[in-house]
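Have a look at the model first, then read on.

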Amino acid sequence: MPLILIGGIIFGFGLGFSQMARPEVVLNFLQFDDFGLVFVMFGAAIVTGIAFAVMPRLRSAAPLTGDRYERRLKPFDRNVLVGGAIFGVGWGLSGICPGAAYASLGVGNVTILWALAGMFVGAYIQGYWRSYAANSSPTATRAD
Amino acid sequence: MVSDPLVLQLAAELFPNGVSRYAVGGLLVGLGAVVIYVGTGIPAGASTFLESTLSYASDQSRFQQYVSSRDWRVVFTFGIILGATLFAATVQSGLVTTSLYEAGTTGQLYEVGGVTLWLTDVQPWRLFAGGILVGIGTRVGKGCTSGHGVCGVGSASRTSLVGVATFLLVAIGTAQLVAALGVSP
């Protein structure tokens, strides 16, 4: 747990430093006014990519949990496209995504509570709906 | 040729704030995810917190599957908030000065107890309505910008690459449309 806290702190500091915690900066990127934001995502993905490639060769399991080192692979289905598109509309409208929203609160942006409240409402709506769908059709496979 | 004036001009237009602060921030974001991954083997994502936290309050079967991971996800989210506050208390407040930080022209800076904080100008209805769609979309689509974008792309997962391409293109279209309709900020 302390390690997860430290990781989260570095993660959040990075979001603050890159100014991705500011919705305006994200909107400027999406409106092609400043392409700098691609360096945040690709910079981060390169760092994780190295770790994801190297760690499984160095050790068989993580020291704290005993979990095997695996890449983040999720099965592809239509939901990835549908959900991605819904997320895209929300991201383009608000300029904020979940991780950046937490960080935005950290830099003092209390207005972001609107977005966080919306995210919980949205997550609850889909959870309610999918729980209902799962209960009413027992043959349905577990979604993800 | 780096000294080519045309190249420099193009770079200045595409990256009016330079790329260093973005790249440094991105490396830190990646480093944070790597610290967690190396210690625990978990590829961290930010959006599952929305559902896992709802499991404290709701008995819906959809949320109960996250009971085993909800505690560390709260810690992770708390860490992100704390890390951003640390940024505000140091760099944003001028305690630590770096050429990579500019106060910027967006939003408003205000001060509480010597710490410089920042407030967005983006209208609350955009944040709230967008937040609802983000909440639905990231959960249906199996990930957000950190899960798909950072850990998934880092894993060279085809699912994540398709997911990122989808939400990036749709977000660009949406933002351009909203701007074209004259909504600002």
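In helix 1 of chain A, the buried residues are Ile4(A), Gly7(A), Gly8(A), Ile9(A), Ile10(A), Phe11(A), Gly12(A), Phe13(A), Gly14(A), Leu15(A), Gly16(A) and Phe17(A). Buried here means 20 or more other C-beta atoms within 10 Å of the residue's own, with C-beta atoms placed from the backbone. Helices are DSSP runs of H or I, at least four residues, and strands are runs of E, at least two, numbered from the N terminus.

That makes twelve buried out of 16 residues, a mostly covered helix. The cover includes helix 5 of chain A, plus helix 2 and helix 5 of chain B; contact means C-beta atoms, placed from the backbone, within 7 Å.

## Where the model comes from

This is a predicted model: local features need pLDDT of at least 70 and side-chain atom pairs pLDDT 80 or more, while totals for chains, interfaces and linings use all residues. Residues count from 1 along each chain as its sequence is written, and chains are lettered from A and ligands numbered from 1 in the order written.

Helix 1 (residues 2-17) and helix 5 (residues 98-106) of chain A pack at about 80 degrees, axes 9 Å apart. Axes are lines fitted to C-alpha atoms over the stretch in contact, with angles from 0 to 180 degrees between N-to-C directions. The two helices of chain A, helix 1 and helix 5, are therefore roughly perpendicular (65 to 115 degrees).

On the helix 1 side, Gly12(A), Leu15(A) and Gly16(A) take part. Their partners in helix 5 of chain A are Gly99(A), Ala100(A), Tyr102(A), Ala103(A) and Gly106(A).

How values were computed
Angles under 35 degrees count as roughly parallel, over 145 as roughly antiparallel, 65 to 115 as roughly perpendicular and the rest as oblique. Two residues are in contact if their C-beta atoms, placed from the backbone, lie within 7 Å.
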